[in-house]
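Notebook open, model loaded. I'm jotting down what I looked up, strand by strand and then core by core.

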Amino acid sequence: ASMFTALFMTRAVFDLGLYLGKLKSLRMYMFSWIKDTNYDFLGMKKVALGFSAVLIIVSLLTMGVRGRNALSIDFAGGTATGRLSYTEVGSMRLEALATGYLGSGVEVAGISPVVGRFHPADFVLLAGAVDAGCVAGGFTYMDQPELGLSYRLEARNRAGALTVNYRGDPEDAARPYHVGTVTLVAEHDDDGIDRAPRLLAEPGRTWVNGRLDGVDPAARFLRLANPDGPFDALAIGLHVTDPDGVRVADPDMNPFTSGDCTVDASCNARAIATTSLRYGRLEAGNVAGSEAAALTMPVRTTYYRNGAFVANDLDACTTLATSDLVLANASASDVRTGSIAIGGGSTTASIVNTPAHAGKVDVMFSAPGIGNTGYVDVLVDLDTATGADAPWLAFDWDNDPATPAQGPRARATFG
């Protein structure tokens, strides 16, 4: 109904009455309950304006609180409109069903084209750790396959809830959903050099119900032919490449830029943890003394720093056994029993510290006895198959790339 309709229909009814001769006279009556028809409308303008202002304010507040929901779901031109939300990922179809359409008792249904795809809002790093190979010292030697890596990444929606439909393997051609690929990044002290190519680790590939768990207890950081480091502030992080462009939440590192990437908002990865990597080697020194007393050969771990190898006082983890010592002299060779003849007597080797104490291992040789003079050459076997299983402490002592790195050699001389 409208004012136009009221006026038009009233005029039409009066014209029809006059045309038919039914309308002989027209009398106007006042409502009996209106006694006084003289009102001072202008005198009450302040009250009217105040009342109108209150109504306007209440309306604006209502719209502000309810927002777009103030209109709920409305029908305009036969189209239903409203605000819908979907908390999961993937694609879907919408089905509309009208029961008893226009009172006919007939059900009318329709199915939409594919809607989506819907993707996560971001990826959240829930937990992560990088465990050092030498826990007591808080560091790992380069090439030591004991760098423990673990983390959990979750795909979440805009409300911060887990999207359990996000699952699959990005390398699986038959996967039901295209998921993000996680790669590891590594940077030392924000220096802008990506050292990820030297990090050998399994980052985790398969998403299960919105989660990706990466666990690799045997990760390692490759050491180069030429010593470098130490990297005492090596940050290891995650970068996610997603087909929908979704990023990891709260990124705090960029291995390709130096300095703090949060300042210029250039961060593209999330740090798991920071750890310490050292280029190490085992060293041994010659020792000489009386055949009447035991001799202690210095054997200790070192690491490269500022152009030289220095004592690794943090090493409380390296272990050696007597069987890792290859003994030789003029009378015998390749002896691994720990005992070798010296003159008319013999000397027996024993490990002083195992594990190392402040980097010191040391080997003690018992006295062969007065008059039993001679020497013992020692090779510390660090090979995985035959020795101490610590190849990360071997070194190219002869500076010949054609020969493999070895453990240290030294001589103990009696007399």
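I started with β21 and β22 (345–351), which pair in the antiparallel sense over four bridges; strands here are DSSP runs (E, at least two residues), helices are H or I runs of at least four, both numbered from the N terminus, and pairing needs at least two DSSP bridges between two strands. This is a predicted model, where local features need pLDDT of at least 70 and side-chain atom pairs count only at pLDDT 80 or more, while totals for chains, interfaces and linings use all residues. Residues are numbered from 1 along each chain as its sequence is written, and side-chain values use heavy atoms, with hydrogens and water left out.

The two strands form a hairpin with two residues between them. In the turn, G343 has a positive phi of about 55 degrees. I340 stands opposite T347 in β22.

Next I checked the faces of β21 (339–342). Buried means under 20% relative accessible area, exposed over 50%, and partly exposed in between (1.4 Å probe, protein chains only). In a regular strand, side chains do alternate between the two faces of the sheet.

Then the open sheet: four strands in the order β16-β25-β24-β20, with mixed pairing. β16 (287–289) and β20 (325–328) are at the edges with a single partner strand each, so one side of each has no neighbour in the sheet. I followed β20 to β24 (374–380), and they pair in the antiparallel sense over four bridges. L327 stands opposite V378 in β24.

Which residues touch the most other members of the largest nonpolar core? I got F123, Y151, L153, V182, W207 and L238, out of 33 residues. Such a core is a set of buried Ala, Val, Leu, Ile, Met, Phe, Trp, Tyr and Cys residues joined through side-chain atoms within 4.5 Å. Another core, of 32 residues, lies apart from it, with V299, L325, A349 and L393 among them.

I clicked on V182: leaving aside neighbours within four places in sequence, its contacts (heavy atoms within 4.5 Å) include Y151, L153, W207 and L238.

R278 was my last stop, in strand β14. Why does R278 count as buried? Because its relative accessibility is 7%. Not counting residues up to four places away, R278 touches D232, Y303 and N312, among others.
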